[in-house]
Amino acid sequence: MSDLQDAVVTTSPLRPRAVIAKTSLDGHWRGVAVVGRALRDAGFEVVLLGMAGPDAIVASVIDEDADLLGLNVGGRVEVAERTIDAVRNHRPDIPVIAGGTIAPWAKRRLEELGVSVFPPGSSLDDIATTARHLCGLS
Amino acid sequence: VKPRETTRSGIPLRSIYGPEDVPAEWGEAAASRPGSRPFLRGAYPEMYRAKPWRIFQLSGYGSPEEMAARLRFLLEQGETGFIMKRDRVTNDHLYDVDHPEVVARAEDVGQTGAVLLSARDVQIAIDGVPIERSYAHPGAGVVQAAPFCLASFWIAAKRRGLDFTQLAGTGQSDFFLTYVGCPTKEQIPPQAGLRLNGDLIEFCTERMPHWVPVSIAGYNGADSGLNAVEELGALMANAIEYLDEVQRRKRIDLSVVARGIGGINLRTSMAFFEDIAKLRAARKMWHDLLTRRYGITDERALRLRIHVVTAGSAMTYQQPINNIVRGTLMGLVAALGGTQSLGISGYDEAISIPSDHAHQMSIRTQQILQHECEGLMEVADPLGGSYFVESLTSSLEDRAWEFVDEIQAEGGFVTAIDKGWLHQRAAANTDREFAEIESGEREIVGVNCFTDDSYPYEVDGFAGGGDAWEQGMARLQKLRAERHERACGDALVALERTLRGDGNMVPSMLDALDADCSIGEVGTVLREVYGDWRAPVTI
């Protein structure tokens, strides 16, 4: 179990690990909790980082040796772009998925960075399947 | 179309309802008149013939100047009250714009509300806005920020030459928003929040005859996942917590307080009939709670007034123009339930904060309901006496009281929040909801049925206020350079002393705002006195 603000994690060498973070200081947690549970049910070990700035997200991805980064974008897409840049400076190949209130034009911008974007209404099965595929699992 | 077996909160649905479905003991309430006890059928006898519901939309982004422009636009469009939504990053966290957590995501600043860092900023934000004759919500949604938000508005009004007794409006300081639906990264603990709210209630009761000090917003519980039964029950449990706190202090008359906090907020959603019944049940439950538990007899206290916001979560990202229809239906639910005030979510809700056009459409939708929907404004409680609606209202009430008992058994509303009990209830419902959408059991047009990959009406969403952080930095530097530093420091010391004692903190907060203290400085004092609370959200 992990809570919205503090990451708690139990380690297992067999399961891929996903770090999920909110880039904005917006505490709506329904979305990240639902996606977090869906990824856990799909075999991921999930670190729910909560609201975190780019530096904290980079630190968590490195510390947890994450296989996947999930970003909830509740604010401007520029913050997500800066975060992805910073993470890829350390982990150039890490797959990134994103969700939240992401306008169509912002969705296209993130997709140009190779991010898989799941706006509201996306299927949880699709999210989980994509996440597994991105981590090289069937 | 597959018929549903139950309402969203689990009340069985049958194909036909008759007199046998309305409990005998419900007869008296069902036969009551609107405006009469127990107010099941409406708060006022003539309802919308005497006074249409208030058109009250959430708004705010960017700089204080941008907020003033949007407020003037909305009032010109026919809005009859105004809400000053403030920026989540700075305001809700009580951070100045140069706080490291704010700098880390500077682009987000001003996206979720206007950046108002001091009483001076509020003066700019209400420039040209007729606050002396409009009903105001100065953006005091989050508990730790509410005293700052209200005091900054009241000081700005005073600087315009208005007396506190002339001001009409509402605080909010809502526990559902703050501790359940949208917890901030740092937040004072719920017990401290209860003390601040107690102080606001006392102050407004004594000094501000036209001000609702705090407003319980079931919306924020409902849009986090609580169903209609849980929303009603939790709202009543929250009221018990406030009234018990005031009663414990023994400083002011409970019935005057009950009247002050008897303006609440509920959510309407696509749970059409259940939510109509919910508004009706809420009024009766409020009446019964106050008379039975507290022995209150003053009718003005027993008459619950309701503000409705339509479910943001019902608005879809896919085929967003469809949301105008959803907004219309959910607004109609509010009117049929007898609301006093209404905000309809923007059709671009799932995409961004509302654009000018989405805001205008929300207002036009309300105007069409008020001006064109024949019979709606003329007849109070038009569904009263329907076997189905009376049966549903009665069932909801019974189940909601059971939920109140469950919360009390957990130690009361604040304890139930503190240990994450309410969050778990909301999360369990959310999981079920998502599973039903995934399986197709719950259909949402454009999302899991009638989808259209070539939908031609793309909505871009709103992207304004891009330089709100830079502008905020400039105003903050100017404030620090121009104000009387000693007076500011003294006011903050006095505020801390009051917070550590038992006296009412509102006068000290007003002094701090009048000395042009900034939001971050007030926040530092609150954090030092009360520390931080961690949201008990788990997966």
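A salt bridge is taken here as a side-chain nitrogen of Lys or Arg within 4 Å of a carboxyl oxygen of Asp or Glu. The model is predicted, so local features need pLDDT of at least 70 and side-chain atom pairs count only at pLDDT 80 or more, whereas totals for chains, interfaces and linings use all residues. Residues are numbered from 1 along each chain as its sequence is written, chains are lettered from A and ligands numbered from 1 in the order in which they are written, and side-chain values use heavy atoms, with hydrogens and water left out.

**Salt bridges**

Side chains of opposite charge can pair when their charged atoms come close. Over all chains the count comes to 52 salt bridges.

| Pair | N to O distance |
|---|---|
| Glu111(A) and Lys107(A) | 2.9 Å |
| Arg442(B) and Glu433(B) | 4.0 Å |
| Asp532(B) and Arg534(B) | 3.1 Å |

Salt bridges with shared partners also join Arg120(B), Lys158(B), Arg159(B), Lys478(B), Glu482(B), Asp514(B) and Asp516(B) into one network.

Burial is given by relative accessible area: buried means under 20%, exposed over 50%, and partly exposed in between (1.4 Å probe, protein chains only). Arg442(B) is buried because its relative accessible area is 14%, and Glu433(B) is buried at 18%. Asp532(B), at 34%, is partly exposed, and Arg534(B) is partly exposed at 37%.

In chain A, Glu111(A) and Lys107(A) both belong to helix α4 (residues 104-112), where they are four residues apart, about one turn of the helix. Helices (H or I, at least four residues) and strands (E, at least two) are DSSP runs, numbered from the N terminus. Glu111(A) has 36% relative accessibility and so counts as partly exposed; Lys107(A), with 22%, is partly exposed.

**A polar contact**

Ser345(B) sits in the loop between β9 (341-343) and α15 (356-372) of chain B. With a relative accessible area of 9%, Ser345(B) is buried. Its side chain makes a polar contact with the side chain of Thr310(B) at 2.6 Å. Such a contact is a pair of N or O atoms within 3.5 Å; within protein, one must be able to donate a hydrogen and the other to accept it, and residues adjacent in sequence count only if both atoms are side-chain atoms.

**A charged patch**

On the surface, Glu25(B), Asp398(B), Glu402(B) and Asp405(B) gather in a patch of negative charge. Patches are made of residues with over 30% relative accessible area and no salt bridge, like charges being joined within 9 Å and nonpolar side chains (Val, Leu, Ile, Met, Phe, Trp, Tyr) within 5 Å. Glu25(B) lies in the segment before α1 (27-30) of chain B and counts as exposed because its relative accessibility is 69%.

How values were computed: Accessible areas come from the Shrake-Rupley method with a 1.4 Å probe; for residues, only the protein chains shown count as cover. Lys and Arg count as positive and Asp and Glu as negative; His and the chain ends are not counted. The place of a charge is taken as NZ of Lys, CZ of Arg, CG of Asp or CD of Glu.
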